[in-house]
Amino acid sequence: MNFNSALENIKSYEAGKPIELVVREYGIDKENIVKLASNENPFGCSPKVKDAVRAVIDNMSLYPDDSMVKLKSALGEKYGIGLDELIVGAGSDQVIEFAIHAKAHNGSKVLMNSVTFAMYEIYAKQVGAVILRTASREHNMEEFYALYQEHKPSIIFLCTPNNPTGDALDVHSMISFIEKVDNDTLVIVDGAYMEYARFKDPSKAVEPKDLIQRFDNVLFLGTFSKAYGLGGMRVGYGIASASIIKALYKVRPPFNITTLSLEAASVALKDEAFVTECIADNFKEMKRYKAFADEKGIQIIESYTNFVTLSLPDGKNSSEIAQALLKKGMIIRDLSSYGLNAIRVTIGTQVQNSRFFELCEPLL
Ligand SMILES: *Cc1c(COP(=O)(O)O)cnc(C)c1O
């Protein structure tokens, strides 16, 4: 059968391996498997969220509140923005999809970093858009500007902090770049790890409210999947001028967020103390990765997220190391598909991280 020809050069997204698959493929007991592959919060979500979800379980037969007023009000309050400046998606992934489908079409140009979140390319290719990438591994605003001037793309992605490298943009350099960009270019600032960056270094902390007050061509993305520990609930959001949000609403399917997910995300926002504690622990544990890498003479990219990217020396192969770890029940991310001889490891609990060092020790 013939399909939309735009799909021919798309490779489907390769998600982190689920624990169940490793149980089946390698016959390892579930309790002995550690998953540090998808940047989930190792402490899960706030206990208050679990109670709240249990309390709405009887509402499952009814369609969810499609106005999402409870969640949107909570987000509006957190960020000091209006409800017409917000859209909620099944993960921020879905908001990326909305934005590309609303703005780009066959032949549109979409500019992104050389190494960045894989879904930008996948959604862009679905509409037949052309992908442009910078050269450097980390975001370089001069390279972005040169490519912008040459190609006048319709969408620019800035992923800060960036996945899978962990580096973050300085807010001032990001703003000076956006100031030079034409109003008809949609600039998408993906802040999936912004909670971590804000904790570690305020000079990297993007304030969505400031951004959208200044620019009506910017879309900021946030998610509940990382710091808030709700990856399984699939909730993310976009913040932008009302005119952008109005366009995104035209491509949104109705009831795109479940009742349980809406409740979970709304309540998660009310327990910021839980999230801050998790983030503090994350950076404490990250120091152990730095020490481990130093000891092994391995280069580690300064990370503003809940993961570290270890660049492997010549003679060590990231796919082989990821495979060897997998056989021992340790799931991490091989970055060879991004063109890097590197592995990405989510910061886990103290026990999980110790296990990683123990298993990695003989391999490096
Ligand atoms: C995890 C992630 C997302 C999306 O996560 P959702 O679970 O879809 O909200 C978006 N961007 C980046 C950079 C990510 O790492």
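## Helix faces, cores and local geometry in a predicted model

In helix α13 (residues 318–327), the buried residues are Ser318, Ile321, Ala322, Leu325 and Leu326; buried means under 20% relative accessible area, exposed over 50%, and partly exposed in between (1.4 Å probe, protein chains only). Seen down the axis of α13, these buried residues fall within an arc of 135°, so they line one face of the helix; the arc is that of the directions from the helix axis to the C-beta atoms. Helices (H or I, at least four residues) and strands (E, at least two) are DSSP runs, numbered from the N terminus. The model is predicted: local features need pLDDT of at least 70, side-chain atom pairs count only at pLDDT 80 or more, and totals for chains, interfaces and linings use all residues. Residues are numbered from 1 along each chain as its sequence is written, and side-chain values use heavy atoms, with hydrogens and water left out.

**Helix α13**

- The buried residues of α13 pack against α1 (19–26), β11 (330–331), β12 (333–334), β13 (342–346) and α14 (350–360), where contact means heavy atoms within 4.5 Å.
- Exposed residues Glu320 and Lys327 sit on the face of α13 turned away from its buried side.
- At the start of α13, a side-chain oxygen of asparagine 317 comes to within 2.9 Å of the backbone nitrogen of serine 319. A polar contact is a pair of N or O atoms within 3.5 Å; within protein, one must be able to donate a hydrogen and the other to accept it, and residues adjacent in sequence count only if both atoms are side-chain atoms.

**Helix α2**

- Val49, Ala52 and Val53 are buried in helix α2 (residues 47–55).
- Seen down the axis of α2, its buried residues fall within an arc of 100°, so they line one face of the helix.
- An α-helix has 3.6 residues a turn, so residues three or four places apart point the same way.
- Arg54 and Ala55 are exposed on the face of α2 turned away from its buried side.
- The cover over the buried residues of α2 includes α11 (259–268).
- A side-chain oxygen of serine 46 reaches to within 3.1 Å of the backbone nitrogen of lysine 48 at the start of α2.

**Nonpolar cores**

- The largest nonpolar core has 88 residues, of which Phe224 and Phe356 touch the most other members; such a core is a set of buried Ala, Val, Leu, Ile, Met, Phe, Trp, Tyr and Cys residues joined through side-chain atoms within 4.5 Å.
- Helix α12 (residues 272–296) gives the most to this core, with 9 residues.
- Domain 1 (5–45 + 273–363) and domain 2 (47–271) both give residues to this core, so it lies between them; the domain bounds come from an automatic or database domain assignment.
- Apart from this core lies another, of 28 residues, among them Ala104, Val110, Ile188 and Leu248.
- Leaving aside neighbours within four places in sequence, the contacts of phenylalanine 356 include Leu36, Tyr289, Phe292, Leu310 and Leu325.

**Cysteines**

- The whole structure has 0 disulfides, a disulfide being a pair of cysteine sulfur atoms within 2.5 Å.
- The sulfur of cysteine 45 is 9.5 Å from the closest cysteine sulfur, in cysteine 278, too far for a bond.
- Cysteine 45 is buried, with a relative accessible area of 11%, and cysteine 278 counts as buried at 9% relative accessibility.

**Two buried residues**

- Histidine 139 is in the loop between β4 (130–133) and α6 (141–151) and counts as buried at 12% relative accessibility.
- The side chain of histidine 139 reaches the backbone nitrogen of cysteine 159 at 3.1 Å.
- Isoleucine 212, in helix α9 (residues 208–214), counts as buried at 8% relative accessibility.
- Isoleucine 212 and isoleucine 81 are 131 residues apart in sequence and 9.3 Å apart in space, C-alpha to C-alpha.

**Backbone geometry**

- The peptide bond from threonine 160 to proline 161 is cis, with omega near -5°, and proline 161 is in the loop between β5 (155–159) and α7 (171–179).
- Proline 164 is found in the loop between β5 and α7; the peptide bond to proline 164 from asparagine 163 is cis, with omega near 15°.
- Lysine 152, in the loop between α6 and β5, has a positive phi near 45° although it is a residue other than glycine; lysine 152 counts as exposed at 52% relative accessibility.
- Phenylalanine 255, also not a glycine, has a positive phi of about 55° and counts as partly exposed at 35% relative accessibility.
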